[in-house]
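Hi,

Here is the structure I promised to pass on.

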Amino acid sequence: QVQLVESGGGLVQAGGSLRLSCTASGTIFSVGDMGWYRQAPGKQRELVASITTEGRTNYANSVKGRFTISRDNAKNTVYLQKNSLEPEDTAVYYCHAAVRTDARLSFSGYWGRGTQVTVSS
């Protein structure tokens with residue numbers, strides 16, 4: 001059993017900053033790629049940013065230059081530093097991780113429950 005627990009969401013004014021954290025715990029042999037997705041009301045879930053175990057990153061065009069993803073492999077934790085927030089960034093943010101629970105198994109994807117981020121204008 002693997003759990004992903006997000007924290008750091010909340011209400012912030014436009015132009016402000018927030019830092020999200022997500023920690024994987026449970027039966028973990030290794031953690032692969034980790035990432036953040038978001039889903040705004042009435043919209044599909046979309047990728048915000050992802051990071052490999054080696055630290056290679058990928059960002060949605062809408063957040064490039066404003067958001068920074070990072071990770072601490074020793075803590076199985078991924079972070080998302082969000083600066084210059086805009087009302088359009090309002091959404092539920094979900095953490096995703098590829099996890100191996102045993103050396104004999106391949107990676108499986110796991111999701112957190114999500115954390116609400118609301119940006120007021």
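**Salt bridges and what surrounds them**

Asp 102 is partly exposed, at a relative accessible area of 22%. Its partner in a salt bridge is Arg 104, with the closest N and O atoms 2.8 Å apart. Arg 104 itself is exposed, with 73% relative accessible area. Bear in mind as you read that this is a predicted model.

Searching the whole structure turns up 6 salt bridges. Some of them share partners, and that joins Arg 38, Glu 46, Arg 66, Glu 86 and Asp 89 into one network. As background, side chains of opposite charge can pair when their charged atoms come close.

The side chains of Arg 38 and Glu 46 form a salt bridge at 2.8 Å, N to O. Arg 38 is buried, at 6% relative accessible area, while Glu 46 is partly exposed at 37%.

The other pair is Arg 66 and Glu 86, whose side chains meet in a salt bridge at 3.9 Å, N to O. Arg 66 sits in the loop between S6 and S7 and Glu 86 in the loop between S8 and S9, so this pair ties together parts that are 20 residues apart in sequence. Is Arg 66 buried or exposed? With 12% relative accessibility, Arg 66 counts as buried; Glu 86, at 33%, is partly exposed. Leaving aside residues up to four places away in sequence, Arg 66 touches Gln 81, Lys 82, Asn 83, Ser 84, Leu 85, Glu 86 and Asp 89.

Ser 84, one of those contacts, has a positive phi of about 50° although it is not a glycine. Ser 84 lies in the loop between S8 and S9 and is partly exposed at 43% relative accessibility. Asn 76 also has a positive phi, near 50°, and is found in the loop between S7 and S8. For context, most residues other than glycine have a negative phi.

Now for the nonpolar side. The largest nonpolar core has 29 residues, and those touching the most other members are Trp 36, Val 48, Phe 67, Ile 69, Val 78, Leu 80 and Tyr 93. Strands giving two or more residues to this core include S1, S3, S4 and S5. The largest share, 5 residues, comes from S9.

Cheers

Conventions: Residues numbered from 1 in each chain as written. Predicted model: local features only at pLDDT ≥ 70, side-chain atom pairs only at ≥ 80, totals over all residues. Heavy atoms only, no water. Contact = heavy atoms within 4.5 Å. Core = buried A, V, L, I, M, F, W, Y, C linked by side-chain atoms within 4.5 Å. Buried < 20%, exposed > 50% of the residue type's maximum accessible area, 1.4 Å probe, protein only. Helix = DSSP H or I, 4+ residues; strand = E, 2+ residues; numbered from the N terminus. Salt bridge = Lys/Arg side-chain N within 4 Å of Asp/Glu carboxyl O.
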